[in-house]
Structures are given as structure tokens and as C-alpha cells.
Amino acid sequence: MDDILNQIAICVEAGKINKTSPYPPSMKDQDGADELARKALEQGCKPDDILEKALIPAMANVGNKFSRKEIYVPQMLMSAKAMSGAMMHLKPYFQSGETKRKGTFIIGTVTGDLHDIGKNLVSMMVEGGGWEVIDLGVDVSSEKFLKALSEKPDAVIGLSALLTTTMENMKKIVADIKAKSSTSKIMVGGAPVTQDYCNKIGADFYSPDPQGAVNYLNQLAK
Amino acid sequence: MGSNSKMNFLKTVNHEQPDRLVVDFGSTGVTGIHVLIIEKLRDYYGLEKRPVKVTEPYQMLGEVDNELIREMDIDVIGLFGAKNMFGIPNENWEQHKTLWGQEVLFPGDFNYTFNNNGDILIYPEGDISVAPCGIMPKSGYFFDALERQQPIDGSGLRLEDNLEEFGLVSESELNYWKKQVDSLRDNDKAVMASLGGTALGDIALVPGLNLKNPKGIRGVAEWYMSTLAREDFIREIFERQTDIAVENLRKIFRVIGNRIDAAFICGTDFGTQTSTFCSPETYASLWLPYYKKVNDWIHRNTTWKTFKHSCGAVEQFIPLFIESGFDIINPVQINASGMEPQSLKNKYGDKIVFWGGGVDTQGAFAFGKPQEVKDQVKRQCEILNKNGGFVFNTVHNIQANVPFKNVVAMLEALKEIK
């Protein structure tokens with residue numbers, strides 16, 4: 001069992017999505033994370049083990065490499081896509097409750113902002129870190145965040161903005177959320193966002209990269 | 001006799017100390033000013049109140065006309081293509097009211113609709129019978145591309161699909177460019193031209209905003225992944241695209257000659273706030289040869305300087321940009337990792353021109369006090385303008401929400417320096 005779990009982890013780290021994917025060239029025509037996750041379940045691997053022993057450590061390695069600037073956005077996207085392919089096979093077990101996740105993370109790009117590459121990377125990294133992710137998409141208002149939070153009151157919230165014109169909307173959203181739910185944790189990120197800004201608007205955490213977000217969430221889950 | 005703008009520009013881009021600081025606002029689509037600020041500038045200078053012409057609608061940049069060039073003491077004027085990024089001809093201007101209530105002028109074919117949320121949808125070539133290509137959120141200040149990536153199936157991608165927008169220059173386009181430069185006769189400003197066709201994998205252009213039914217690789221994430229997973233295919237796109245580009249430049253040069261001083265080559269962003277979008281090795285393999293092809297042709301056949309835009313933390317790429325043949329780097333994002341201005345000037349100041357970097361648009365300019373802006377502008381100019389090699393601009397476009405008192409502070413500082 002460990003062998004196939006190890007292979008899944010290798011595929012996720014390498015960005016080997018499925019058998020037909022040409023990347024990486026060294027793994028051409030080999031099974032990818034998609035096929036291997038399916039096979040692992042067929043062979044009797046527990047979904048928890050696929051998550052805990054393959055996907056989470058693989059994505060943590062990916063996140064740490066990105067933080068250390070050893071890999072870049074394209075590689076992260078490939079790994080995240082490989083992870084998502086494997087994760088599809090685990091979703092029925094999440095829905096049935098057989099496999100538990102660490103918690104819920106609600107994320108969105110704030111009002112007026114349509115940029116989502118960074119937000120999507122964080123979403124995928126957090127999902128790969130064992131969390132349920134509710135991705136509200138882009139141009140998300142306070143009302144949408146609050147609606148999602150009302151359905152998952154214990155969720156941690158993530159706000160993303162790329163623009164100086166839209167990061168100001170983070171302030172309002174943080175205030176609106178804290179007014180309704182003062183104990184909810186809110187993290188912020190995006191190119192123009194800084195620790196100072198996070199402090200100024202009353203958010204709880206700032207991360208300049210996706211792995212930082214995962215580490216923070218894992219700390220909260222302890 | 002004092003030096004005029006063009007003379008000073010030529011000094012600074014050849015790394016000689018200009019007699020006066022050289023300043024650009026509005027000569028390119030990455031050194032521009034949002035229409036809201038244009039209106040405020042016109043009011044500040046006591047110019048006639050009239051709707052601002054939206055010369056670049058994707059980012060809602062307004063026309064920096066001769067009146068503003070005079071008042072702001074701008075040294076560089078820009079020439080742009082006959083059509084905007086949505087493929088709509090820049091003609092037959094009509095008045096519209098923006099979401100924030102400003103009266104502006106859009107081209108006659110700038111047809112848009114509203115979705116149920118109140119956001120504005122824009123269409124390729126203004127054709128509302130096809131799927132929209134861009135959206136401005138109701139609380140936004142400019143457009144963003146809508147993803148129109150068609151499924152990529154196992155039967156493979158066709159090169160032609162990603163080259164659809166890169167055709168040979170037409171006779172009417174050549175006539176257009178001739179008219180553009182002819183209109184500059186006796187103008188003593190430097191001239192920057194955005195001739196088109198030379199941007200390699202510019203993520204703003206990958207979605208094919210001007211195409212009614214874009215095929216091939218058109219999604220942002222799909223493109224980034226393709227630089228890894230379909231490297232050979234991307235390389236072929238660049239090979240063919242630059243063949244077309246060089247042929248076009250040859251024809252364009254025959255009609256405009258050396259009456260422009262610089263050409264905007266590419267706006268592909270290689271940097272993030274703290275890192276890059278690929279390794280230097282990937283850049284050297286995938287982009288460098290093709291940039292060099294275009295830049296070498298220009299340097300062998302013209303006197304034009306070549307301009308590269310790249311946001312982000314690109315310090316380790318600057319030697320590669322130089323090797324690629326770029327004369328100018330923009331916007332010099334001074335708050336990104338490794339982009340400290342004195343360090344850049346020390347390392348590269350005699351080899352590449354810094355066009356931008358004048359004030360931090362993510363920091364002091366947007367959120368600071370006027371005195372901070374003034375101090376920063378003066379400090380940046382002192383560092384970057386030493387021995388030339390500098391054209392002042394803000395780090396990228398002046399955005400809609402910049403406090404106008406900070407814009408005034410910047411202009412006052414520039415006036416003092418000049």
C-alpha cells in the first residue's frame with residue numbers, strides 16, 4: 001500500500017496529472033495521480049491514508065519549494081491539478097463523512113477584483129493540505145462571505161486582492177465579518193497586501209505565499 | 001540653446017546625463033493615467049472641461065493630449081495602433097457615462113452590455129452577438145479578461161489557433177502608421193510607438209480579447225502550465241510569431257523610418273511580488289532567442305530603442321533582458337523583492353534604461369502623504385537619473401484611487417527637479 005501512496009505523492013509533486021499528460025517528460029505514458037488514486041482505492045487503501053500520507057505531504061513539499069523559490073507558478077499549477085485529479089476520487093468519502101478534513105476554509109477575491117491565479121493557488125494548496133475549501137470566486141462582497149460563513153460558522157476566511165484599488169475593500173469586508181462573528185479568523189493576501197495592512201484592517205493573519213496560509217490553518221486546527 | 005525633449009531623451013537612453021530629467025506619462029499602455037485622474041489633472045491645470053477620451057479601455061487609460069503634455073512638461077509622446085485591445089477602431093468617438101459617473105469618450109463601435117449584477121461586459125470588435133471577452137465589475141475601475149478557453153482535447157493544438165491575431169501588416173495599417181508619424185512633423189518630443197505583434201506570451205493578450213472565437217491556449221492558467229507541459233509548442237508559436245513580426249517591422253520601417261525613438265516590444269510579466277513566473281533557465285530557453293531576433297533586427301536596421309515591460313521581482317532577469325537586446329526596462333517595481341533602486345542602478349545602470357520606478361504605486365503614492373511622495377520622487381530621481389539611463393514614470397499606470405494631492409505632490413517634485 002505504501003508503495004502506491006508513495007507513487008501518488010511523486011506524481012503530485014512532479015505535476016503528473018494523468019497518463020495522457022505529457023508532463024513531466026520523464027514520466028511519459030505512466031499513470032498519473034488520477035489513475036493511481038483510483039487504483040489505490042480499488043486496492044483497499046483507506047481514503048484517509050491517501051490524503052494524509054500522499055496528498056498532504058506532497059503538497060506541503062510543493063508549497064515549501066515555492067516559498068524557497070525552487071519552483072514557480074507553472075509547476076505549482078501542475079501539481080495542484082494533479083492533486084485535484086486525485087482528490088476527485090476522495091470526494092465521495094468526504095461527503096459521506098468517512099474521511100474527515102481538518103476544517104473549512106472560505107476564500108474569495110474581494111469586491112471589484114477579478115484576479116484569481118493567486119487565490120486559486122491558495123485554494124488548491126489548502127485543499128491539498130486536508131481542508132474543505134469553499135471558493136467563492138472573484139468579485140466577492142461582504143454579503144457573499146457572510147452567507148457562506150452562516151453555513152459554515154467555524155470556517156476560516158481568506159481574502160485575496162491584487163489591486164491597490166480593491167484591497168481597500170478588504171477593510172470593509174473584515175469589518176463586516178468581525179461585526180457579525182467576532183471570533184472568526186480572517187487571513188489576507190495578494191500582491192499589494194502587507195503585514196502592516198493586515199494589522200491596520202484588523203485581519204488575523206497575512207501570508208505572502210500559499211504555504212504560509214496552509215501553515216496558519218494547520219496551527220489553528222491543532 | 002537648451003536641449004529639447006528629444007535631445008534629452010536621446011541623451012538619457014544612451015546613458016548620458018540629460019540636461020533636464022526626462023518624463024513620460026501616457027506614451028504607452030503601461031505608463032498611463034486612469035481617466036478619473038486625467039479629468040482631475042485637466043481641472044487642476046484649468047483646462048477646458050470635456051469628456052476624457054479613453055485611449056486604452058482595458059485599463060481605462062485616458063488621452064494625455066497636447067495640453068496635458070505641455071502643462072505636465074512631458075517629454076515623450078506615444079503612438080498607438082489603429083485599434084484598441086478589443087479590436088475596436090479608435091474612431092467616431094461617442095460620449096458615455098462610466099459606472100462611477102464620469103463622462104468619457106469611447107470609440108463608436110465600443111458596444112457593451114450589462115449583466116444581472118450590473119457589471120459591464122465588453123465584446124471583441126464590439127460584436128455583441130458573440131460571447132463577451134471582458135468585464136468591468138460594477139465597483140471596478142477597469143476591465144479584466146473573461147476566460148474563453150475551449151476544451152483542449154487529445155487531437156492536439158494547432159499552431160494557427162494561437163497565431164490568429166498575429167497576421168502580416170496590411171496596406172491600410174502601413175498608411176495609418178505613415179499618417180501617425182507625418183503628424184509629428186516639427187515636434188520636439190521623443191516618440192514611443194506601440195507597433196504591435198511583438199509581445200511573446202503577454203498574459204494580457206493571451207486571452208485574445210480582439211478575437212470573436214479564440215481557439216488554442218487562451219486561459220491564463222492553461223498558458224502558464226503550457227510553458228512547462230507544451231514547451232515545444234510554445235516555442236513554435238514564438239518562432240512563427242517573430243518571423244511575422246520581423247517581416248512587419250521591415251515594412252513599417254520603410255514607411256516610418258527613424259522618426260520614432262523607441263518601440264514597445266513586449267509586456268509579458270516575468271515577476272511576482274516576491275519571485276518570478278519561471279526560472280531564468282526557462283526564460284533563456286523559451287523567450288530569449290525570440291526577443292533577441294526582434295531586437296537584433298531593430299538594432300541592425302533602425303535607431304529605435306527597444307522597451308520591455310515586466311512587473312515584479314525581476315532583478316535576476318535583468319541581465320537576461322539585456323542579453324535579449326532590450327534597451328529599456330519598465331516599470332521597475334521598486335517594492336518587489338530584490339528591486340531596490342540603488343542596487344539596480346549600481347549593477348545595471350550603464351547597460352539598461354530604467355523607465356519607471358519614480359514612485360511606489362503600491363505604497364506611498366496610493367496610501368502615503370504628499371510629503372512622502374515628494375521625498376520619494378526626489379530620492380528616486382537622484383538615484384536613477386545619475387548619468388542618464390532613466391525616464392521618470394510612476395511604477396506602472398496611475399490608478400483611479402490615487403489621492404489627487406499625491407499626484408500634485410509628484411508633479412511639484414518633478415517641477416522642482418526639472
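Trainee: How many bridges join strand E7 of chain B to strand E8 of chain B, and in which sense do the two run?

Mentor: Three bridges join E7 (residues 120–122) to E8 (residues 134–136) of chain B, and the two run antiparallel. Before we go on: this is a predicted model, where local features need pLDDT of at least 70 and side-chain atom pairs count only at pLDDT 80 or more, while totals for chains, interfaces and linings use all residues. Residues are numbered from 1 along each chain as its sequence is written, and chains are lettered from A in the order in which they are written.

Trainee: What makes E7(B) and E8(B) a pair?

Mentor: Two strands pair if DSSP finds at least two bridges between them. E7(B) and E8(B) have three bridges, so they count as a pair. One spot to look at is Ile120(B), which stands opposite Met136(B) in E8(B).

Trainee: And what are "strands" and "helices" here?

Mentor: They're DSSP runs numbered from the N terminus: helices are H or I runs of at least four residues, and strands are E runs of at least two.

Trainee: Which sheet do E7(B) and E8(B) belong to?

Mentor: An open sheet of four strands in the order E6-E7-E8-E9 of chain B, with antiparallel pairing.

Trainee: Why is one side of E6(B) and of E9(B) left without a neighbour?

Mentor: Strands E6 (112–114) and E9 (144–145) of chain B stand at the edges with a single partner strand each, so one side of each has no neighbour in the sheet.

Trainee: What is the strand order in the open sheet with mixed pairing?

Mentor: That one goes E2-E1-E5-E4 in chain B, again with four strands. E2 (61–62) and E4 (94–97) of chain B are at its edges, because each has a single partner strand.

Trainee: How do you know that E1(B) and E5(B) pair?

Mentor: Count the bridges: E1 (residues 52–56) and E5 (residues 103–106) of chain B have two, in the parallel sense. Val52(B) has Val104(B) as its bridge partner in E5(B). Helix H2 (residues 35–44) of chain B lies across E1, E2 and E5 of chain B, at about 140 degrees to E1(B).

Trainee: Over to chain A. Why are helices H4(A) and H5(A) called oblique to each other?

Mentor: The axes of H4 (residues 73–96) and H5 (residues 117–128) of chain A come within 10 Å and cross at roughly 45 degrees. Axes are lines fitted to C-alpha atoms, for helices over the stretch in contact, and angles run from 0 to 180 degrees between N-to-C directions. Under 35 degrees is roughly parallel, over 145 roughly antiparallel, 65 to 115 roughly perpendicular, and the rest oblique. H4(A) and H5(A) are therefore oblique.

Trainee: Which residues of H4(A) and H5(A) make the contact?

Mentor: Among them are Met76(A) and Ala80(A) of H4(A), and Leu121(A) and Met124(A) of H5(A). Residues are in contact if their C-beta atoms, placed from the backbone, lie within 7 Å.

Trainee: How many residues of each chain are in contact with the other chain?

Mentor: 27 residues of chain B are in contact with 21 residues of chain A. The largest share of chain B's side, seven residues, comes from helix H5 (residues 220–229) of chain B.

Definitions and conventions. Contact = placed C-beta atoms within 7 Å.
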